[in-house]
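Here are my notes on the model you sent, as numbered points. Please read them with the structure open.

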Amino acid sequence: SVKNPASAHGRIVNVGSVPHRSPFRYPGGKTWFVPAARAWLRACSGARGTLIEPFAGGAIVGLTAVFEGLVGRTELAELDPRVAAVWRTALSDDCVWLCARIESFEMNEPNVRAVLDAPAGSDREEAFATILRNRVQHGGIMAPGASLMRSGENGKGLHSRWYAATLVKRLRAIHEIRDRIGFAERDGLGLLREHRRRSRSAAFIDPPYTASRKSAGNRLYARHELDHDELFALAARHAGPVVMTYDDCEDVRALAGNYGLACRAIPMRGRRNSVMAELVIGNDLSWLDT
């Protein structure tokens with residue numbers, strides 16, 4: 001195990017140097033892992049196959065893989081119905097409406113509360129409300145009870161993370177390559193079962209919860225329950241390359257050992273610029289040494 005995260009494999013990634021392709025900002029997002037994901041997919045010749053992301057969330061790894069030609073296709077699964085509405089809308093003709101709605105929205109607290117308090121009448125309205133919620137609530141947290149930002153960055157308040165032009169640019173880019181992106185609102189374990197015999201199907205697994213009872217997952221995410229034993233069993237039996245990212249804790253290391261999976265701690269920069277280690281788990285981590 002790696003005691004000092006600064007001595008783990010590789011350098012700490014400056015996330016500002018990584019293309020941000022997702023319309024979401026997520027607590028625990030994997031932008032920092034993108035350079036490692038590129039190395040992994042190149043090592044396993046991923047461009048000939050498919051990358052599945054069974055807990056898609058913001059899907060930064062899956063999006064990067066298809067945008068950069070590292071895989072031919074990505075298949076995403078997400079159980080949160082609000083997040084699912086965003087992906088369905090981005091990949092459908094309603095993306096035009098969504099982009100126009102974002103561009104025309106006047107950012108102020110009464111308008112924000114009017115959108116967030118109103119029941120969504122359609123998938124595309126739910127998509128807009130979800131993107132808005134993700135951008136104006138503290139830390140990007142969308143779980144029930146999360147509060148609106150107050151001071152925000154440099155005292156900008158609700159405007160701090162509302163970059164309408166940038167959001168529209170990202171959504172339009174995703175829409176343009178929609179034929180290479182599959183999405184289903186479903187249980188991620190089901191997607192893993194479906195692909196487990198496909199040797200040309202790489203799996204990137206980043207569950208928004210951990211096996212530790214001390215995890216903050218149940219206050220960060222609307223969906224936070226998972227059978228970790230079944231997840232590790234499916235990962236161990238997957239015919240293609242598998243990489244999982246987890247918080248580094250004894251419970252997770254024990255699960256990896258029980259199922260014969262390798263694990264390695266690598267450094268990441270957490271909240272308040274602190275350096276911490278996150279655990280990378282897989283059926284072959286030799287690419288980390290090259």
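1. Contact, as used here, means heavy atoms within 4.5 Å. The model is a predicted one. With that in mind, the cover over the buried residues of α3 includes helices α2 (60-67), α4 (95-104), α6 (123-136) and α7 (164-176), together with strand β3 (181-184).

2. Helix α3 itself spans residues 81-90, and eight of its 10 residues are buried, which leaves the helix mostly covered. The buried ones are R82, V83, A84, A85, V86, W87, T89 and A90. At the start of α3, the backbone nitrogen of R82 has a side-chain oxygen of D80 within 2.9 Å.

3. The largest nonpolar core contains 59 residues. F33, L51, I102, L132, W162 and W287 have the most contacts inside this core. Helix α6 supplies the largest share of the core, six residues. Another core lies apart from it, with 24 residues, including I205, F232, A235 and A265.

4. I102 deserves a separate look. Leaving out residues up to four places away in sequence, I102 touches F128, I131, W162, A164, L167, V168 and L171.

5. On cysteines: the structure holds zero disulfides. C99 is in none, and the nearest cysteine sulfur, that of C95, is 4.0 Å away. A disulfide would need the two sulfur atoms within 2.5 Å.

6. Is C99 buried or exposed? C99 counts as buried because its relative accessible area is 2%, and the cut-off for buried is under 20%. C44 has 24% relative accessibility, so C44 counts as partly exposed.

How values were computed: Residues numbered from 1 in each chain as written. Predicted model: local features only at pLDDT ≥ 70, side-chain atom pairs only at ≥ 80, totals over all residues. Heavy atoms only, no water. Buried < 20%, exposed > 50% of the residue type's maximum accessible area, 1.4 Å probe, protein only. Helix = DSSP H or I, 4+ residues; strand = E, 2+ residues; numbered from the N terminus. Polar contact = N/O pair within 3.5 Å; in protein donor to acceptor, adjacent residues only side chain to side chain. Core = buried A, V, L, I, M, F, W, Y, C linked by side-chain atoms within 4.5 Å.
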